[in-house]
Every structure is written in structure tokens, then in C-alpha cells.
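Please read this report with the sequence and the model side by side.

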Amino acid sequence: MKRITLGTFIFGIAIAFMASTNDSTAFAQDEGAWGHLTGQIVISGDAPKNAPENLEGAAEKDRAACLVDGKIPLDDGIVVNDKKQLRDVYVIMYEGRGAEVPEKFHPSYDEKKKVKLTLDNVNCRFVPKAVFVRAGQTMILKNSDNVGHNCHITTFKQEHNPNIPPNKEVELQVDDASDKVPGEVRCDIHKWMDSLILIRDNPYVAISDETGAFRIENIPAGTWQFHFWHKKAGYLDTLEIEGYEPEGRKAVIEVKIENGKTLDLGTLTLPAAAFED
Amino acid sequence: MFSKPLHFALLLAGLIVVAGCEKSPPPNFRFNSVEWLKQERLHLSGDDKFDEGYKQEIGSILTTLFGTPDEPKFPYLLGEDDPAHDVIGLDNLKLAAGAVKSGIEGEHQGLYREHCAHCHGVTGDGAGPTAEVLNPYPRDFRLSKYKFKSTPLRQPPTDHDLMTILENGIPGTAMPSFRTLPKEELQALVEYVKYLTIRGQYERYLISEIANLDGGSIIDLSLKSETKDGEKPSDDDVEEFEDQMYTFIGEGLQEGIIPRWLKPDRKVSKVPPAPEMFDLAHASHEDFVLQGRELFFSKGNCMQCHGQTGAGDGQLGNFDDWTNDWIKTANVDPFDPETYADFIAVGALPPRPIMPRNLHLPVYRGGDHPDDIYLRVANGIEGTPMPASSALTSDEIWKIVAYVKSLPFENLSDRVELPVNDEAISNR
């Protein structure tokens, strides 16, 4: 590997990026043919232990509202159940250069985008912990607590910070800008509160649930690239998937979606070492 | 995705090393070592370090695209038609950059170094020679965040916003007014600040990508060149090279950072006219202020940070985004200097908690016109915990502005405490 070295080196590059990335003949999307993608993510090895949240600095009145059953809740950065199934992994259709992306999304996603997506604050925790929002979609930012919160959303392309009074909700229409990786949601008043948010136009995204399971519906039939991302581990390049090998720095796999069929990736295993620094 | 071809002809560039000068060498942009250290801590274990070669490579890419403090350039990647010409004009950059020169009638150059660099630094890193003794610290432009502007969060300020700050200064800080400079010189400085911002943000982006490179080059020129034996590069190599160019220059800069500054992409917040009752002479003005006071303690949630008396003594111990940016790195405790000594060693300024404004003092950094205060409440303040008042109507915001404007005159020894977040006032 050669680095660009400082010095007398004169480099000349005259490149025209080909406009063919958007060329409709570049790939064929089978009109009206759709399939689904599923799988279940577990970890191998010892699940990291979560420490209690640090409630220091919270006002006395707020402290009471922030306890769960009278106790300080545990940090929920890595959530696995007793079967080691891993929650909050984003499964994302890869959109980098060279990746083919669908020309059309399934019509059901137009309807889904009209639904307002709720992000609640309960006992000084964002519920749910991880959300996926379509670019331009409207969110309902709710506060079920009797203390005030703000909802400070910071992603690569967007930032919003509405104040949410106690027991109230506000609507927020996110901008029409798509991010590649999730950003974070925080409350500046209660500093331990955090949540994840991916804002993107391409709807082919899923977040693994309590059982580590994910399902992405109505993907156009064809060959597409996906990758997996977790807040504490980044792109999951050590994820073991039978028959697939995550490739490159963005840990991408290529899957073939067939009309009317569900491609089940089975059990995807993430070595717990992925969470170490 | 790209729809227009990008011409990289401008990347034809020479990096000239001046050796053996008699004068002191021209200043260089300072590398963002704080971001470097932060990314090392984020992605490497123990005492592992990134390959130092990346510093050179990032420096070369930045010099190629943005030039030097004496010879600035701007990456107009679409050539003459690039809409970025509306954001930054090369003539203005040249007027603001370089060493201070005057003497010839009508020629005055080096404006940035004359007026700004001693606080904001040659690089715009907010770490000029005087920075450490100022409170608040001078702005570090490289995070691309601006507090006082007419646009919502994450929307860059307008030229008018930046011009207003240059003309008025920032009351309560060391930022003075430059009203006496000719308008053309102020405009050149506005564009130079945008240039340093875009350059600095792009540098941060490049550093943040190192961890994803697995030791490979950012842009590996050897992929594109013929071998010593005159063999043409393989298709795979050319594709990989184009992939690198796309990722780091196309996606990172051309699609990612620059478009935010283009006018069509930018929203400017409108301030609706104040209701009649906002007028001090209006018969119901006092009631209007009292309603603002109730909102301050209920739906506005203002007292949470600004405190029960509005003296700025509520929520403490927060930091602004410029500080949060690196103190949130693992194992850094902003209240324990030993945990961040290595950050200070590479140029970070000691963290200071951000203070919610004491509203009893009639000093308003973003301007004291009611419209200014309205914008601060309505949009929030970028880079700080101050949120946008999305739950309030414009009428309610005006009530809060009226109360805030009345606070310097409130008699603190004779005030009636309001219940905080009481259900009764919450639901009004």
C-alpha cells in the first residue's frame, strides 16, 4: 500500500464519476415481485454486564420520577435475554457506491410512512430504545413522565431538539435527508437517557426485537446488499452467518430475494468480543 | 446518488515544500489532534495508535482541496457551474487569507489574520494564542455549529446571520464588533469563516473514517497508476480507486458537507409579528408578562435549567457540544483533570460546564431585539442543551419573551414562588 506522500509528488487526477449509477438499465428489478428477509441474532460467549445508570445530577423531584420500581435502572446499551438473543441490531440495506438499490419501494411502505411514529419517555428512558424513521416522516415525541424532558436528536445529517413538557407530546417531522448509520437521541436534562435513531428514505431496514429476531418485508425480488450495525460494536464484521461472509469495511453481505419467498438467514451469531474496545 | 459528473481536474495540484527560506515559514493549518486521539480511544484498544502516515495523507488531501492559509482553494467539484460558487467566492477567500498586507491604496489583505486569528486560530479551531484565558472560549468552527442564527438546528447560518455577529459582536463575551470595517471586508470574512468551517468539518470526517480503513490508504493513488513495467492498472484496481474517490470526496464532501450551505436547501425561520399586548404601553401588558411567567414554569420548562428565579442556577454540570464532542470519550471525566490530560496535551481546552443564562442580567449574546430572543426560544440554541419550544404556540413564545424581557426588572426579594410543573398550570 502506498500513501500519498507529502513532498515533490505532483498528482493529477482527472476523473469523471460515471453517471451510470442511476441508469435504469444497470440492473433489472422484477416488477411486482417481492420477497422477505428474516433472521435471529444471538451472541456467543459471555454477555457484557450492564451497570446501573448514573443518576447523579438529577434534581430530587426528577430522581423519584426516574426510578423504576424504586430502583435505579440498568444501562441498556447492550440488551440480551437469557437465551443470549440480542436486541437493537439494525439490519440495513446497504446504499454505498456500487450497491444496487431498488428503484421502487413496495406500495405498503407509502402507507406506513403516513403513520406517525411514537418515541415515548417513561421513567426517564426512551421507549423504544431504537427507532427507524423514514426521511420526512412525522414522529410523535411523547413524555409520559411528570418531569420535563427534551428530545435531542443528533444524526450525521439532522439535528432536532424539541422540549417536551411533562405529560405532553409534540409532533416532529424529520427532514428529508437520509443517513447511512443511526444517530442518537438524548435528553440534556437527564444525561443518562439515550436512544438510537436511523432516518432514511429507503425503507428496507429492521431492528432486532427482544428475541433477536428481525424481518424485512416486501423487498423487490433481486440481489441486494445488507449489513448489520449495533451501537456498541459498529458494523458487525465478525457476525457469523451460515453461507455468507460479511465483506469490506462496512461488513456487507449479498442476498438474493425471490418472489413470494422468505429468505431466512437462520441464526446469526455475534462473538461477544465484538463489544470489547 | 450522483447525477452529474464531477470533474476532478482541479485536483491537479502540486504540493510545494519551501525549503531554506530566510523568512519564518508561512503558517500551516493545525491538524485536528483532538479528533485523532478521540477516534483512537473509540476504536483501538489499550495503547494502540493509528498509523501516523494517515496524518500526512489527510494533510495532503486537505491541501489539495483547500490549499493553505496563504493560498486558499475551494473544491468546486462541478467546475464553473458548481453552485458552491454562491457560498464561497475565491476572490473573497484570497482577500481574507494570507499575511496582513496593506499600504497600497485600496489593497488590504490578510483580514482573518489581522482581526480573527489571535482568538479563533489560523485554523479556525478556536484555539488561538488568547483562547485559553477567555471565557467563553472562542468558537471552534470545525464542528460546523453556530449558536446565534435565524435557521433551525443543523441548518447553517445565513450570510446575514454571520454578518450580524461581525457587526454587533457578542455581548457578554470577548467577541467585539467589527462595524467599522468596510462591508466588502466583512463579507470576505464571512466567506472565510464558512471556508474554515467546511474544511474543518471535512477533516473531522476523514479522521473519523480511519478506523474503517483496516490500514489501507484513504485514497490509494497507486491503484490508478501504471506499474514500473508500464502495465495498466487492472479494472478491479480502477474500480477500487473510484470507490475510494466516491466515498471520501463524493459522498463525504460533495454530497455530505457542502450542499448544506446551498441556499435552496436551507430553511430560515420566520418570526411572526409580536401581539399588541407585547407593547409595554398596552393596558394588558402586565397580564401578558404574568402569563409568560406561568409558561416559564410549566409548559416552557425553562426553570429546569434557568432556575427557580431565572438566575441561571437550575440544571448545572452540562457541557456544550464543542466540549461534549471529546469528553464523552470512554474514561474521560470532565471533573477530573487526570483523566483527560492527554487531550489537553494535544490541544484541547480544559472543559468548563456551560452555564444556563442568568436572565436577570439584560445581556443577550444573540442580540437583545425581541425577535432575537424569540428565535432563541423557538429554535433552541445549536451546540447547547437549550431546546426548541416545539410545544408552544407563537403567542406563547411571545409571552415568554415578554417575561424574559421583564426579568431584569423583577424584584427578587418580593416575588411570589410559582409551583413547578403543577398539573393545574401544565394543562392550561
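What percentage of the contacts in chain B with a separation of 6 or more comes from residues 24 or more positions apart? In this predicted model, such residues account for 67% of those contacts in chain B. Chain B is made up of 428 residues, of which 39% count as buried, and its secondary structure comprises 15 helices and one strand. The C-alpha trace of chain B spans about 90 × 60 × 45 Å along its principal axes.

In general, two packed helices are described by the angle between their axes and the distance between the axes. Helix 1 (residues 33–43) and helix 7 (residues 183–209), both of chain B, pack at an angle of about 25 degrees, and their axes are 9 Å apart. Since angles under 35 degrees count as roughly parallel, helix 1 of chain B and helix 7 of chain B are therefore roughly parallel to each other, and their crossing is right-handed. On the side of helix 1 of chain B the residues that meet the partner are E35(B), W36(B) and Q39(B), while helix 7 of chain B contributes R204(B), I207(B) and S208(B).

| Core | Residues in core | Selected members |
|---|---|---|
| Largest nonpolar core | 80 residues | V91(A), I400(B) and V401(B), those with the most contacts inside it |
| Second, separate core | 49 residues | including V87(B), A96(B), L186(B) and F343(B) |

To the largest nonpolar core, helix 14 (residues 394–406) of chain B gives the most, with seven residues. V91(A), not counting residues up to four places away in sequence, touches V205(A), A206(A), F214(A), I216(A), F226(A) and F228(A).

Finally, the loop between helix 5 (117–120) and helix 6 (159–168) of chain B holds T151(B). Is T151(B) buried or partly exposed? T151(B) has 18 C-beta neighbours inside 10 Å and so counts as partly exposed, because a residue is buried if 20 or more other C-beta atoms lie within 10 Å of its own. Leaving aside neighbours within four places in sequence, T151(B) is in contact with P156(B), P157(B) and T158(B), and also with R266(B), K267(B), V268(B) and S269(B). T130(B), by contrast, is 21 residues from T151(B) in sequence and 30 Å from T151(B) in space, C-alpha to C-alpha.

Terms used. Residues numbered from 1 in each chain as written. Chains lettered and ligands numbered in written order. Predicted model: local features only at pLDDT ≥ 70, side-chain atom pairs only at ≥ 80, totals over all residues. Core = buried A, V, L, I, M, F, W, Y, C linked by C-beta atoms within 7 Å. Buried ≥ 20, exposed ≤ 12 C-beta atoms within 10 Å, placed from the backbone. Helix = DSSP H or I, 4+ residues; strand = E, 2+ residues; numbered from the N terminus. Contact = placed C-beta atoms within 7 Å. Axes fitted to C-alpha atoms, helices over the stretch in contact; angles between N-to-C directions. Parallel < 35°, antiparallel > 145°, perpendicular 65-115°, else oblique. Left-handed = near helix turned anticlockwise from the far one by under 90°.
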